[in-house]
Amino acid sequence: LSCGKHKVLAKTPTSRTISTSDTFAFNERFQSKMRQFRIPMASLDDTDKKGRVEEDRSFAIDAATVRIMKSRKVLPHVQLVQEVLQQLHFFRPNPKAIKRRIEQLIEREYLERDAQDQRLYR
């Protein structure tokens, strides 16, 4: 309410961040051309966005990997990574992250390595 578009509250000291020592008061100079306006809710968990994005991306990598393996049945590692990169064109996952996710899928028994050739996944 003090840092957004509509400054309904006056904050001292004036800055974009809020700390526990800040004080707030009603901004008597506040005016709006509109009779009604929306004030968005403040988000408390702003710091967790990067972790949330990484978690969502790991789910996307898992889903693409399982989708590819359901359709192809057996693939070598290099080809699987290439197809995952091709399917996830909306972000560029790191090949190391894809390898980590494949290892997680093997641990959770969604995938398995071939008994004769360790570079093949089933």
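How many helices and strands does the protein have? In this predicted model, the protein comprises 3 helices and 4 strands. Along the sequence, these elements are arranged in the pattern β-β-α-β-α-α-β. Of the 122 residues in the protein, 27% are buried. The accessible surface amounts to about 10,100 Å², and carbon and sulfur atoms contribute 52% of that surface. Among the contacts with a separation of 6 or more, 36% are accounted for by residues 24 or more positions apart.

The packing of the helices was examined next. Two packed helices are described by the angle between their axes and the distance between the axes. For helix H1 (residues 49-72) and helix H3 (residues 95-107), the axes come within 10 Å and cross at roughly 65 degrees. Because angles of 65 to 115 degrees count as roughly perpendicular, H1 and H3 are assigned to that class. The crossing of this pair is right-handed. On the H1 side, the contact is formed by Ser-58, Ile-61, Asp-62, Thr-65 and Val-66, while H3 contributes Ile-98, Arg-101, Ile-102 and Leu-105. Classified by residue type, the contact of H1 with H3 contains 5 nonpolar, 2 polar and 2 charged residues.

H1 also packs against helix H2 (residues 77-87), with axes that come within 9 Å and cross at roughly 120 degrees. H1 is therefore oblique to H2. The crossing of H1 with H2 is right-handed. The residues of H1 that make this contact are Ile-61, Ala-64, Thr-65, Arg-67, Ile-68, Met-69 and Arg-72, and their counterparts on H2 are Leu-80, Glu-83, Val-84 and Gln-87. By class, the contact of H1 with H2 includes 6 nonpolar, 2 polar and 3 charged residues. Ile-61 and Thr-65 of H1 take part in the contact with H3 and also in the contact with H2. An α-helix has 3.6 residues a turn, so residues three or four places apart point the same way.

The buried residues of H2 are Leu-80, Val-81, Glu-83, Val-84 and Leu-85. Among them, Leu-80, Glu-83 and Val-84 also belong to the contact with H1. As a group, the buried residues of H2 pack against H1 and H3, and additionally against strand S3 (75-76) and strand S4 (120-121).

Key:
Residues are numbered from 1 along each chain as its sequence is written. This is a predicted model: local features need pLDDT of at least 70, side-chain atom pairs count only at pLDDT 80 or more; totals for chains, interfaces and linings use all residues. Side-chain values use heavy atoms; hydrogens and water are left out. Axes are lines fitted to C-alpha atoms, for helices over the stretch in contact, and angles run from 0 to 180 degrees between N-to-C directions. Helices (H or I, at least four residues) and strands (E, at least two) are DSSP runs, numbered from the N terminus. Angles under 35 degrees count as roughly parallel, over 145 as roughly antiparallel, 65 to 115 as roughly perpendicular and the rest as oblique. A crossing is left-handed if the near helix is turned anticlockwise from the far one by less than a right angle, and right-handed if clockwise. Contact means heavy atoms within 4.5 Å. Ala, Val, Leu, Ile, Met, Phe, Trp, Tyr, Cys and Pro count as nonpolar, Asp, Glu, Lys and Arg as charged, and the others, Gly among them, as polar. Buried means under 20% relative accessible area, exposed over 50%, partly exposed in between (1.4 Å probe, protein chains only). Accessible areas come from the Shrake-Rupley method with a 1.4 Å probe; for residues, only the protein chains shown count as cover.
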